[in-house]
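Subject: Structure for you to look at

Hello,

The structure is below, and my notes on it follow. Please read them with the model open.

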Amino acid sequence: MSKQFFSAKKLLKLIKEEKKTIADLVIESENELTLRSKTEIRENMKKRLIIMKESIERGLKGHKSVSGMIGKEGLKLLNCVEDKNMVCSKMQLKAASYAVAVMTCNTSLGRIVAAPTAGASGILPGLIFAYLEEKKLDIEIGVDALLTAAGIGLIIANKSTFSAAQAGCQAEIGTASAMGAAALSYMREMSAEACIDSAGLALKNMLGLACDPVGGLVEIPCVKRNAFGISHAFMASDMVYAGIKSVIPFDEIIMALNDIGRSMSVRIKETAQGGLATTLTGKKLGLPFLKNGKNNKTVE
Amino acid sequence: MIETWSIFDVIGPVMVGPSSSHTAGACFIGLIARQIFHTEPKKVHIKLHGSFGEVFRGHSTDKAILAGLLNMPPYDLNLSKSMEIANEKKMQYSFESCNLGANVHPNTSLIEMSNATKKITVQGESIGGGKCKITAIDKMPVLFGSEKSCLIIKHDIAYQILSDVLNIITEKKYHIMEVDTPCYKDRVLLLIMIRENFDDEVIKKINKLPGVIWASYSNHFSNYNQKY
């Protein structure tokens, strides 16, 4: 029987029948699709995880972004990880600081792994490396976590889109957050069903998110949104750990994402013609980067 | 066509920022266009539609497409210097924001490439996460991405060359996945998609067939996936 899955329902069915993890099935489906060997697929995924680590390190050096609006955010957060006055957990702060670091690496034209997109590329590296470091786990567990996340990503790719120009930021940060929640639940040794439920909870709360970047740059609000994406993944995973389930099944949440994406105006789909991009400050900062400096009405 | 997503499209591509659809995907469109032109074009005119046309400056979409046309992959750290590199190589380039219509994907680019002997236009859309699709070649509708290799032959409608081409391909023991033959006026595009990679030997043989205007191929990018 084919190991390809285009829905969470099919994935769960395969898991039940074959008694395998999401990561195993993801490798099998990739093997079927590309005919590459299972070891090769795993090794390649590990290479990508290592590039993610390099992006974190580069980002923490605090390179200035193209526009100069973004720079040392990751480092600032990391400096507060041990601070007793912070209200978030140490792991969460670390994950957020790594996520922001990857995004500063991206905005300063460094090399990153789009996961699933460049604008949301901080969430998975942040979650995986913060968890591995805090729990002192081996990198191979990180590879499995990344494969689990890829499984969630595949379902969304096949049923929807990763393009903010088509469906807004919910398709980018929302997807990454869902993938991250599944990866986190996997590393906590929760069941496959729990992983998909965590992904569902995280995605559900990201529905409707507009893509309205200042000047059309992947900087404001994208960079900080990666840190918030981390919080969503943490909360989703914890809620499922506590026994809460996602009432709406994962596949149906994706349909909702498509529906909302279609109803969004093009002004808030990566065109810099609405939302934050057309606030007074957004216009002032973003104008030099837009086509002929042309812009729409200001929102007051 | 059913989209075939590899997990390396989901966790990937490895790329230089800032945007997967506006930088990496745009670069891939350029790379495929460059493969279709087969050599380095002397002159390129790049039209940017929808979101591409609005925010290309902040996302380096223009530089990324040009980098692809110069055969640079999305992970090349020199991607943002593509204009300087094009100047050095004396490649003429120009950009234009345009509206290709309401039904066209918001991240679409129409690339016109030419040299002394030929002119080819390629239209592609960046569908998110760094993945792209080629949707038209010389105004004829096509549909393929970077996951399979595509042989592209433009020929005169008066000649039937399909069986000759298939003979050349089966000699090589390639696995054919899809065949398509869109046409426009008296011109036909013959597209043959396979799992393996094409080579120049095939093109040499096809160029000898009657009625062939040009023949070229775009190979799939799994080599790119293997590097990273």
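I112(A) stands opposite M15(B), a residue in strand 1 of chain B. The two belong to an antiparallel pairing, in which strand 1 (residues 111-113) of chain A and strand 1 of chain B are joined over three bridges. Strands here are DSSP runs of E with at least two residues, helices are runs of H or I with at least four, and both are numbered from the N terminus. Two strands count as paired if DSSP finds at least two bridges between them.

On conventions: this is a predicted model, in which local features need pLDDT of at least 70 and side-chain atom pairs count only at pLDDT 80 or more, while totals for chains, interfaces and linings use all residues. Residues are numbered from 1 along each chain as its sequence is written, and chains are lettered from A and ligands numbered from 1 in the order in which they are written.

The contact between the chains involves 41 residues of chain B and 44 residues of chain A, where contact means that the C-beta atoms, placed from the backbone, lie within 7 Å. Helix 3 (residues 51-59) of chain B gives the most to the chain B side, with seven residues. That side has 17 nonpolar, 21 polar and three charged residues. Nonpolar covers Ala, Val, Leu, Ile, Met, Phe, Trp, Tyr, Cys and Pro; charged covers Asp, Glu, Lys and Arg; the others, Gly among them, are polar.

Chain B also holds an open, mixed sheet of six strands in the order 3-2-4-5-6-7. Strand 3 (92-98) and strand 7 (140-145) of chain B are at the edges with a single partner strand each, so one side of each has no neighbour in the sheet. Strand 2 (residues 43-50) of chain B runs parallel to strand 3 of chain B, with seven bridges between them; L48(B) has S97(B) as its bridge partner.

Helix 3 of chain B lies across strands 2, 3 and 4 of chain B, at about 110 degrees to strand 2. Helix 4 (residues 61-69) of chain B lies across these strands too, at about 140 degrees to strand 2. Axes are lines fitted to C-alpha atoms, for helices over the stretch in contact, and angles run from 0 to 180 degrees between N-to-C directions.

Chain B is assigned domain 1 (8-137) and domain 2 (147-228), with bounds from an automatic or database domain assignment. Their centres, taken over C-alpha atoms, are 22 Å apart. Ten residues of domain 1 of chain B are in contact with 10 residues of domain 2 of chain B.

Regards

How values were computed: Two residues are in contact if their C-beta atoms, placed from the backbone, lie within 7 Å.
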